[in-house]
Number of protein chains: 2
Amino acid sequence: MENLINYLLQFGQLNQQQIDLITSKSKVVELKRDDYFSEAGKIARQVAFVDNGILRVCYYNNKGEEITRYFIDENNFAVDLNSFTYQIPSSEYVQAVTDCRLLVFSADALKDLSNTIIAWNGIINQITAKSLIEKVSRISPMLAEDAKARYISFLDKFPQLANRIPLSLLASYLGITQSSLSRIRKNIR
Amino acid sequence: MENLINYLLQFGQLNQQQIDLITSKSKVVELKRDDYFSEAGKIARQVAFVDNGILRVCYYNNKGEEITRYFIDENNFAVDLNSFTYQIPSSEYVQAVTDCRLLVFSADALKDLSNTIIAWNGIINQITAKSLIEKVSRISPMLAEDAKARYISFLDKFPQLANRIPLSLLASYLGITQSSLSRIRKNIR
DNA sequence: TAGTTTTTTTGCCATTTGGCAAATGCTGTC
DNA sequence: GACAGCATTTGCCAAATGGCAAAAAAACTA
């Protein structure tokens with residue numbers, strides 16, 4: 001809970017009463033590795049803050065291959081914004097890469113917070129923009145890099161993640177096969 | 001101007017008086033091909049709505065190669081959000097790919113609109129989120145595709161853009177060399 | 001139109017990555 | 001420790017892409 005509050009406080013002021021309200025509206029959810037937080041085809045009705053563990057967002061392309069779009073680690077929110085905002089079926093899965101501890105907010109809870117806490121919408125909009133900007137600026141340079149450079153950049157930005165994520169998932173995130181990633185690893189050592 | 005108003009009306013209601021105010025706060029800027037709207041190293045102080053033409057956002061990677069991050073065509077806003085929001089130097093260039101007609105808002109103008117038009121912030125936040133989500137969902141699948149598939153997807157989504165954009169820029173957007181793109185084109189014909 | 005410049009296509013060969021299957025390594029269970 | 005099940009590495013070869021330079025095509029200018 002502390003993690004979440006500290007995270008929120010980066011984006012705006014909250015008094016103790018507001019913090020308590022936020023706390024009371026959240027629900028702790030524990031996921032085992034490979035469990036799904038949300039699934040493609042269903043409408044996203046919850047938002048999760050990752051207190052502990054790693055999630056990934058993935059989907060199946062038209063060849064039936066499973067593609068990892070990105071990872072979400074500690075102190076980040078997970079939600080399919082398109083699905084949640086417009087209440088349309090999601091096109092992606094959110095799945096636990098490791099055992100996870102999530103703080104989950106329902107749409108109703110968020111609405112309550114929005115109606116009660118003056119600064120709430122501002123905070124949420126900032127977080128939304130920031131996390132989307134991060135996604136863009138993380139993915140975008142990858143296109144211009146070859147596989148080795150992408151892997152090195154990943155190691156560089158998320159040194160602590162590489163060993164917590166199975167090679168097959170990391171490969172699908174980097175857009176290469178797991179054999180290739182294995183060779184790249186060997187090559188780097 | 002009509003384009004802009006219609007675009008804004010998608011995201012919220014505006015009365016005639018508000019529309020006039022918005023109009024009065026915007027400034028028409030004409031760019032010639034290759035002109036810059038904003039430059040890396042400088043702080044973004046303006047937001048542009050592309051009324052006509054195509055912009056691109058680009059930067060130089062550590063090998064000195066010029067990389068096109070994305071294109072912005074008619075009826076979309078262009079701004080380096082990070083730079084504009086936090087008033088920090090931009091890391092990218094915004095450049096005209098074709099001659100362009102832009103509607104430009106200064107930070108002050110936007111502040112005035114925000115203070116005067118109740119719905120303004122809500123509209124802007126929606127536009128921000130939507131355009132970022134679009135960027136992510138456009139770029140993200142590209143990583144999992146090979147060059148040919150990326151080009152075909154591009155043609156598919158922006159059939160009218162491909163012939164207006166020089167091959168070298170399109171190649172740098174797709175993350176391949178221009179020779180490769182040229183070969184892929186031949187291969188498809 | 002001829003000449004000039006820019007853009008796009010090609011050829012040739014090196015390097016990277018993929019596809020597939022087998023081998024190896026690792027982890028947990030009995 | 002032996003086994004089963006999963007994850008990772010490796011070998012082999014094919015396909016995709018890059019690098020570089022020259023040729024061809026297209027766009028622009030005088």
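The same surface serves both copies, since 100% of the contact residues of chain B recur in chain A; here, two residues are in contact if their C-beta atoms, placed from the backbone, lie within 7 Å.

A word on conventions: this is a predicted model, in which local features need pLDDT of at least 70 and side-chain atom pairs count only at pLDDT 80 or more, while totals for chains, interfaces and linings use all residues. Residues are numbered from 1 along each chain as its sequence is written, and chains are lettered from A and ligands numbered from 1 in the order in which they are written.

Now to the contact between the chains. Chain B brings 18 residues to it and chain A brings 18 residues. On the side of chain B that touches chain A, β5 (66-72), α3 (81-86) and α5 (120-139) of chain B each supply at least two residues, and α5(B) gives the most, with eight residues. Helices (H or I, at least four residues) and strands (E, at least two) are DSSP runs, numbered from the N terminus.

DNA strand C is surrounded by 16 residues, the closest being A:D146, A:A147, A:S180, B:L167 and B:S182. A residue is near the strand if its C-beta atom, placed from the backbone, lies within 6 Å of it. Two or more residues each come from α6 (147-157) and α8 (178-188) of chain A, and from α7 (167-174) and α8 (178-188) of chain B. The largest share, six residues, belongs to α8(B).

The table sets out both surfaces by residue class. Ala, Val, Leu, Ile, Met, Phe, Trp, Tyr, Cys and Pro count as nonpolar, Asp, Glu, Lys and Arg as charged, and the others, Gly among them, as polar.

| Side of chain B that touches chain A | 10 residues | six residues | two residues |

Finally, a look at chain A by itself. Chain A has eight helices and eight strands, and its C-alpha trace spans about 55 × 30 × 30 Å along the principal axes. Among contacts in chain A between residues at least 6 apart in sequence, 74% join residues at least 24 apart.
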